[in-house]
Amino acid sequence: MIDERIEELVNADVDGRLPEGSRAELNRHLLANPEVRALHRDLQRLQQALESVRPEPVPADLVTGIMDRIPARAVRPGALSTARSWRYAFALAASLAVAAVALRLGSLDEDVDGAAAVGTMAAGEQANSAATIDRPGLSASVRLRQAGASLLVDLDVASQSSVDVVASYGGHTVGLSARGDMAGQRQTLELPADGAGPVVVRFASQGRVIEEISLQAPGQP
Amino acid sequence: MNEDDDAELVRRCGGGDRKAFEALVVRYQRPVYNAALRMLRNPDDARDVTQTVFLRAYEHLADYDPSYRFYSWIYRIALNESINQLKGRKRLAPVPEDEPSDGPGPEQLVDAELSGRTIQAALMTLTDDYRAVIVLRHFLDCSYEDMAEVLQLPEKTVKSRLFSARQRLKDALQQHGLVQP
């Protein structure tokens, strides 16, 4: 059994962190105790083995993948502070479920198909129309693109409270609930592309529409 | 890493400068990815965790306490996210089947000819806490002080945990015939 103090000296030496003035003490123990010598040797071997493991290269598109998921506009610290107090107020109100019901049954007066997350944007697809929202407590970027017979609405939402997002086009409506305190989480809503007119995207909190944007659908004047 | 640069970049991020955040991502992608990889072993999981780490960092940048070094903050997120991922998948494979069952002989070990995969397999036999200190010290080159800041533990506790982790890692390698008993 090796004394804790000696064990610390051995480990510190292996780490190159042996305190000044402790070298002589460690050497004394190394000379006097074969168990200490064995520990020192084992740890040096372990150190060498670990050093032989080279860092792995990062995936080539890692930075792009991260930055693509960052909302277009940052939520500034001041806005965060303000919004954080909202979050507590909203949490007390426990309003998300009520808000969602109110939004879907009342304010918009339209049927909601529910969230339709369909994954991330495929390479080569172009955004046909885009918009950003930057208001206290809510930053979002919205991009519209066509994929076959569908229109896809890509959403990056940074919000400090729960927000319902509803997209409407040609009599179809889909929606999702974005939880509070989220950022950089891309979600996609899918709509049939057989409609006419603009795609309307509404953001609502506590059943009240707080932002509405219109995006030009592909092929529409 | 230049801590002053980091502080300046973080400050600019707070003002909405995406380029500043991208610079932080570029600067720390490699240690964060490698930390996640050593914690998880699976490159795809490590990639996912690395993305999550930076998104979480962005999301909570306003909560970052500048009295801490930025890298210790981001490393802490990386370790926590990795451990969350491990808990989520509920699987730990001590040694993969494709590891050599007849490892190098004792004479080869003197030269520390252990492959990265072999070391990784041994790492995976450690508890998350032990693996984390090994990762911090040996793969991220953290000092004892850095490790204490990342783990938010007293330095003495960190050292004690590191020494125990090393002992267990050595035992794990010996158990598989990879290190001379």
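Contact here means heavy atoms within 4.5 Å. On that basis, select the residues where the two chains meet: 45 come from chain A and 46 from chain B. The model is predicted, so local features need pLDDT of at least 70 and side-chain atom pairs count only at pLDDT 80 or more, while totals for chains, interfaces and linings use all residues. Residues are numbered from 1 along each chain as its sequence is written, chains are lettered from A and ligands numbered from 1 in the order in which they are written, and side-chain values use heavy atoms, with hydrogens and water left out.

**The interface**

Keep both sides selected. The area buried between chain A and chain B (accessible area, 1.4 Å probe, that two parts lose on being put together, summed over both) is about 4,300 Å², and carbon and sulfur atoms give 60% of it. Across this interface there are 7 salt bridges, a salt bridge being a side-chain nitrogen of Lys or Arg within 4 Å of a carboxyl oxygen of Asp or Glu. Zoom in on A:D15 and B:R166, a salt bridge whose closest N and O atoms are 2.3 Å apart. On the chain A side, α3(A) gives the largest share of the residues that touch chain B, 9 residues. Helices (H or I, at least four residues) and strands (E, at least two) are DSSP runs, numbered from the N terminus.

**Helix α1 of chain A**

Next select residues 4-14 of chain A, helix α1. Which of its residues are buried? They are A:I6, A:L9, A:V10, A:N11, A:A12, A:D13 and A:V14, where buried means under 20% relative accessible area (1.4 Å probe, protein chains only). Their cover includes α2 (23-32) and α3 (34-51) of chain A, together with α8 (144-151) and α9 (155-175) of chain B. At the N-terminal end the cap is A:D3, with a side-chain oxygen 2.8 Å from the backbone nitrogen of A:R5. After the helix comes A:G16, with a positive phi near 70°.

**The cores**

Now colour the largest nonpolar core, of 79 residues. A nonpolar core is a set of buried Ala, Val, Leu, Ile, Met, Phe, Trp, Tyr and Cys residues joined through side-chain atoms within 4.5 Å. B:Y28, B:F70, B:I74, B:Y75, B:I134 and B:L169 touch the most other members. Helix α2 (residues 18-40) of chain B gives the largest share of this core, 12 residues. Domain 1 (1-90) and domain 2 (103-181) of chain B both contribute residues, so the core lies between them; the domain bounds come from an automatic or database domain assignment.

Centre on B:L169: leaving out residues up to four places away in sequence, B:L169 touches A:L46, A:L50, B:A122, B:L123, B:L126 and B:I134. Finish at another core, apart from the largest one, with 26 residues including A:V174, A:L176, A:L191 and A:I213.

Terms used:
Buried < 20%, exposed > 50% of the residue type's maximum accessible area, 1.4 Å probe, protein only. Polar contact = N/O pair within 3.5 Å; in protein donor to acceptor, adjacent residues only side chain to side chain.
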